[in-house]
Amino acid sequence: MKRFLIASSVLAALIVGAAALHSLTVLATTPMTEAHIERIRSSCVEAQSTLSQLHATDALLRVNRGQLYESMSTKLMEPFDSRLALNNYNTADLVSVASTYDHQLTDFRTKYQQYEESMSDTLKINCRNQPVAFYDSVTATRDKRENVHQSALLLHKLINDYQQAVEAFAKNFKEPSR
């Protein structure tokens, strides 16, 4: 239940953040008109304020989620897999999922770093003087944030896969040998 609440809060925060980024831009396929450029200039202060708040919220969320993801690997998966291997149990399924999880965790960190750098660069742009550059940067940042979101979803899937592998191991462990 606790995992569900944490996952729900993270998903809600990501959705709110994505909506905030989306509301700052028009669709990327729409050509940039003078009206769009003027709208960016007129809402510049509000847009930068919203992005700054999102940046701060995402940083805190990343630290908390990053620590939780790291703990899943270093405090749960690795010790459990090692203990089973030391006792000569077949841990191939568990190790496979844990290894994929570790690779995905590295990918998550990389994608978040790219998003962080893009957001920082976006916040440095003067949207009154450079509205088109600001628009393009917000669009690129939104795409990088979506990559982070997809990476987080994959981590959650792998956590569920690991849980299923543990349950399968437990079922086989409880069944008497024949």
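Me: What is the handedness of the link of cysteine 44 and cysteine 127?
Reply: This is a predicted model, in which local features need pLDDT of at least 70 and side-chain atom pairs count only at pLDDT 80 or more, while totals for chains, interfaces and linings use all residues. Residues are numbered from 1 along each chain as its sequence is written, and side-chain values use heavy atoms, without hydrogens and water. Cysteine 44 and cysteine 127 form a disulfide, with sulfur atoms 1.7 Å apart (a disulfide being a pair of cysteine sulfur atoms within 2.5 Å). At 85 degrees about the S-S bond, their link is right-handed.

Me: Is cysteine 127 buried or exposed?
Reply: Buried means under 20% relative accessible area, exposed over 50%, and partly exposed in between, using a 1.4 Å probe and protein chains only. The relative accessibility of cysteine 127 is 0%, so cysteine 127 counts as buried.

Me: Which residues does histidine 55 contact, leaving aside its neighbours within four places in sequence?
Reply: Histidine 55 is found in helix H3 (residues 44-86), helices being DSSP runs of H or I with at least four residues, numbered from the N terminus. Contact means heavy atoms within 4.5 Å. By that criterion, the partners of histidine 55 are Glu116, Met119, Ser120 and Leu123.

Me: How many Å apart in space are leucine 123 and alanine 47, C-alpha to C-alpha?
Reply: Leucine 123 has its place in helix H4 (residues 92-124). In sequence, leucine 123 and alanine 47 are 76 residues apart. Their C-alpha to C-alpha separation in space is 9.6 Å.

Technical notes. Helices (H or I, at least four residues) and strands (E, at least two) are DSSP runs, numbered from the N terminus.
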